[in-house]
Amino acid sequence: MTYTAFLKMLPMAVAAVLLAIAGFTIYIRAKHVTRSEFVKLFKTANYLQAWVLVVAIVLTASYGIFAHLKAKQSVQAVVALNYSEASMALNSNGTRYNMAEITCDEVLERAIDKGGLKDEVSVKELKKCLSVYPYVQGDVQDESEYHISTEFVVEYHASKDTQHLDAENMIKLITSAYKDYYIENYTDNFTVPTGEDHPDFANMEYMDVVSFFEKEATSILNYLYGMAEKNSSFVTSKNTTFNSIAGEVHQFKETQIEQNLKSLILQYGIVRDKTGYIDRLSYQNTNTDFERQKNAVSFSLCNQAIAMYSEEMTRVVLVPTWDEVGKYYMGRTKVGIDELSVMATDFSDKVAANEKSIMENNLIIGKMQGAPGNSASHEAADALIGEIDKQLHAFADDAIAAGREFWSHRMNQCIAVSISGVTLMGELKGLIVFAAFAYAALMLYAISKKFPKKGTGIER
């Protein structure tokens, strides 16, 4: 129990003790008076005694002050999920929703960090003050009572460890931290290799670095294009859109990676291990050529099979069938030549891709064999790699920031929070009830003193 709660209970305890003493006194002394005398004592009592009114006012004022302070330490918020998957108890990414995550340790730690309260409260202390439950409870006893709640109540009641904190501010911090937690865990997320996942360019072949950069740029572009499909008109706080950022990334990919870095490497034949790298490309060409031969044979077989079909069979084939109401009709169907044509086209595309890969590798091999390279060209390539890597990380940060800003905006609409505490009218009602209770207890105590003790008459 907090200090404020104890002080709130003190006036109530005083009034309750006086009421108990009065009741006990009347019960004992009522045996010495008749029924008419009992009624007369209550009828003739002075209900406006000064000391009764003064004490009642003091107790009521004390109760009102401490009840108000106690009410300020309790607050609740209703978290409403307004996206379509919520009605199926799912997160926006299709995973199972768990209301306990609203007050999980990670959310509370984020809330403490947001409020700069690391030195004032711990996650364990804060968690003791919170409870969460569905706004509308269902029942599993009867199928008609099944209910999937999309609204959840989060209650905060200050403890002795947290009574110095502002309750409303804490519930705002918690719900805000939960939105951030939800966005990071259950919406589209995008990351780039950092730390241990980031490759060491000093140990990579220069053309492998080019391939890595191309994949990174493509990954950023795919994320931005995907977000643009969700909302192409969304404008960030920096006055950018997903398409505008994607345009910058695409231009950078074409100029810095494809033209500048790749051209520099091929022009000067920059390589770390010429013999090893050429052997690797040659081995790749051998495997690719084997795949090309298989695809070419498959393409040829498909064409031979197509040529075996009679021209009359490749036009229209009608077969008897029936519709939804059971009536028969002649329906058009596919013939084997349709599937063979699709397969032939697919094998033809694969052959072209295999030949392109072999040509690209042969081009690189020729460049590596023809140019000796020098330390100056290596240094220039290393410097350019560092600049490209830094710029790609900057683009990735912009993409991540734009994505999170979009999801934050969307979640503000999909996750609504309404905060409420004890209203002024509620406090006034409680104060009136206590004032009536205190006055009744004091008045009854004063009347009990009028009842005669054993062997004495009624006081006049």
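Why does Gly-430 count as partly exposed?

1. Gly-430 counts as partly exposed because its relative accessibility is 26% (buried is under 20% relative accessible area, exposed over 50%, partly exposed in between, with a 1.4 Å probe and protein chains only). You'll find Gly-430 in helix H12, residues 424–448 (helices are DSSP runs of H or I with at least four residues, numbered from the N terminus).

2. A word on the model: it is predicted, with local features needing pLDDT of at least 70 and side-chain atom pairs counting only at pLDDT 80 or more, while totals for chains, interfaces and linings use all residues. Residues are numbered from 1 along each chain as its sequence is written, and side-chain values use heavy atoms, leaving out hydrogens and water.

3. Now look at helix H1 (residues 3–29), where Phe-6 sits. Phe-6 counts as partly exposed because its relative accessibility is 46%.

4. The lining has 16 residues, and Ser-211, Lys-262, Glu-360, Asn-361 and Ile-364 lie nearest the centre. Helices H7 (206–230), H8 (242–268), H9 (274–308) and H10 (336–370) each give two or more residues to this lining.

Conventions:
On a 1 Å grid over the protein atoms alone, a cavity is a set of points where a 1.4 Å probe fits but cannot get out, and a pocket is an open set with protein on both sides within 12 Å along at least five of seven lines; lining residues have an atom within 4 Å of a point.
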